[in-house]
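Trainee: I would like a close look at one part of this model, the packing around a single side chain. Please set it beside a few other places in the chain.

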Amino acid sequence: EFMQAFWDIEAAQTKAIQLLSSFVRDKSALPYLLTFTELITFAMKTHVDSPKLQVDGCSLLLEIFSQALEQDVVVALDENVTSSLLDIVRKQSENEELLSLVCTLLMMISASEVAAENLRKVGVIPDLLSILRNFLHNEQICFSCCGVLWSLAVSENNIDQALLKSAVPVTSAVLQEHLQNGTVTESACSALWALSLQGCLTENDYEPTTALLMDALRMNPERPVLVKNACLALASLLRLSEISALRFIMDSKGSGINLIRYAYHLHFDDPEVVKNICMLINEMVQYDDVVLDMLSQKMEELLLEIKNCFPSS
């Protein structure tokens with residue numbers, strides 16, 4: 001009632017947000033805090049020129065949603081909340097600290113199909129791409145924006161193909177920029193996989209994207225999630241293009257067959273990783289020239305080893 005009564009007074013809203021923040025550590029308070037999400041975002045939207053209120057409000061929302069995820073509580077956000085967050089993104093487009101918080105928040109809420117659909121409706125993709133272009137150096141922003149792109153691209157709802165296609169070069173730039181950061185690379189690989197599944201890559205994208213994904217595998221072979229995401233993205237590309245398949249086995253930095261073999265020996269006890277490696281191998285064998293190379297490198301020995309390790313799969 002206090003927040004609603006004094007909605008136009010910045011000091012009152014700031015004080016209310018600070019007071020709510022004091023209850024965050026009490027897990028039993030979560031059901032009550034969740035009822036304030038719309039009021040918090042409305043306060044942020046109303047007082048968009050107050051940097052402190054923006055940061056405090058967004059930090060509070062992050063705490064609330066983090067707790068909800070930890071407790072497996074489904075958060076139902078209506079279009080007003082997502083629309084308010086997007087308004088804040090647009091009006092604070094140069095505030096890197098705030099954008100980092102808001103993008104993390106968008107990634108968290110986009111895991112919900114309803115929220116992802118609301119984000120799609122309010123037209124978040126051009127804003128995400130603009131943020132990525134402007135803050136390509138920021139690891140948290142890149143990680144979060146690629147996570148949102150993945151959620152939107154895998155959605156069953158129809159999204160403007162032209163919009164998604166415009167995400168390909170930006171996502172590739174993120175991957176190129178952060179190849180040594182496994183967390184960001186995982187997120188970028190998953191986004192590229194989803195974009196390839198949606199048919200967003202053109203023929204000109206196939207070969208350079210294949211090479212980039214191979215670099216991601218080379219530099220981060222110990223990360224199981226990254227290996228899974230990269231193998232899925234590569235499998236999708238090889239399904240589409242023999243050019244990708246030939247680049248995979250003939251890359252100047254080393255054959256993709258060696259990458260597969262090394263990834264398997266690192267993760268042979270992880271069924272999910274092995275399954276995705278097998279999906280990639282399955283796409284390779286549709287091309288005669290690739291099969292000849294696989295035979296020359298004794299890939300059948302690796303396949304037999306996998307078969308013996310997973311007889312029931």
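Mentor: Methionine 284 is in contact with Leu238, Phe248, Ile249, Ile257, Ile260, Val290, Val291 and Met294, leaving aside its neighbours within four places in sequence. The model is a predicted one. Met284 is also among the residues that touch the most other members of the largest nonpolar core, together with Leu152, Leu175, Phe248, Ile260 and Leu280. That core holds 110 residues, and helix 7 (residues 96-109) gives the most to it, with 10 residues.

Helix 13 (residues 203-219) is another place to look. Its 17 residues reach 26 Å from the first C-alpha to the last, close to the 24 Å expected at 1.5 Å a residue. The buried residues of helix 13 are Tyr206, Thr209, Thr210, Ala211, Leu212, Leu213, Met214, Asp215, Ala216 and Leu217. Their cover includes helix 11 (161-177), helix 12 (182-197), helix 14, helix 15 (242-250) and helix 16 (256-267).

Helix 14 (residues 224-240) contains asparagine 229. Asn229 counts as buried because its relative accessibility is 13%, under the 20% cut-off. Beyond residues up to four places away in sequence, Asn229 touches Glu186, Cys189, Ser190 and Trp193.

The surface gives a further case. Phenylalanine 6 sits in the loop between helix 1 (2-5) and helix 2 (10-21). With a relative accessible area of 36%, Phe6 is partly exposed. Phe6 forms a nonpolar surface patch with Phe2 and Ile9, and together these residues have about 260 Å² of accessible area.

Technical notes. Residues are numbered from 1 along each chain as its sequence is written. This is a predicted model: local features need pLDDT of at least 70, side-chain atom pairs count only at pLDDT 80 or more; totals for chains, interfaces and linings use all residues. Side-chain values use heavy atoms; hydrogens and water are left out. Patches are made of residues with over 30% relative accessible area and no salt bridge: like charges are joined within 9 Å, nonpolar side chains (Val, Leu, Ile, Met, Phe, Trp, Tyr) within 5 Å. Accessible areas come from the Shrake-Rupley method with a 1.4 Å probe; for residues, only the protein chains shown count as cover. A salt bridge is a side-chain nitrogen of Lys or Arg within 4 Å of a carboxyl oxygen of Asp or Glu. Helices (H or I, at least four residues) and strands (E, at least two) are DSSP runs, numbered from the N terminus. Buried means under 20% relative accessible area, exposed over 50%, partly exposed in between (1.4 Å probe, protein chains only). Contact means heavy atoms within 4.5 Å. The expected span of a helix is 1.5 Å times one less than its number of residues. A nonpolar core is a set of buried Ala, Val, Leu, Ile, Met, Phe, Trp, Tyr and Cys residues joined through side-chain atoms within 4.5 Å.
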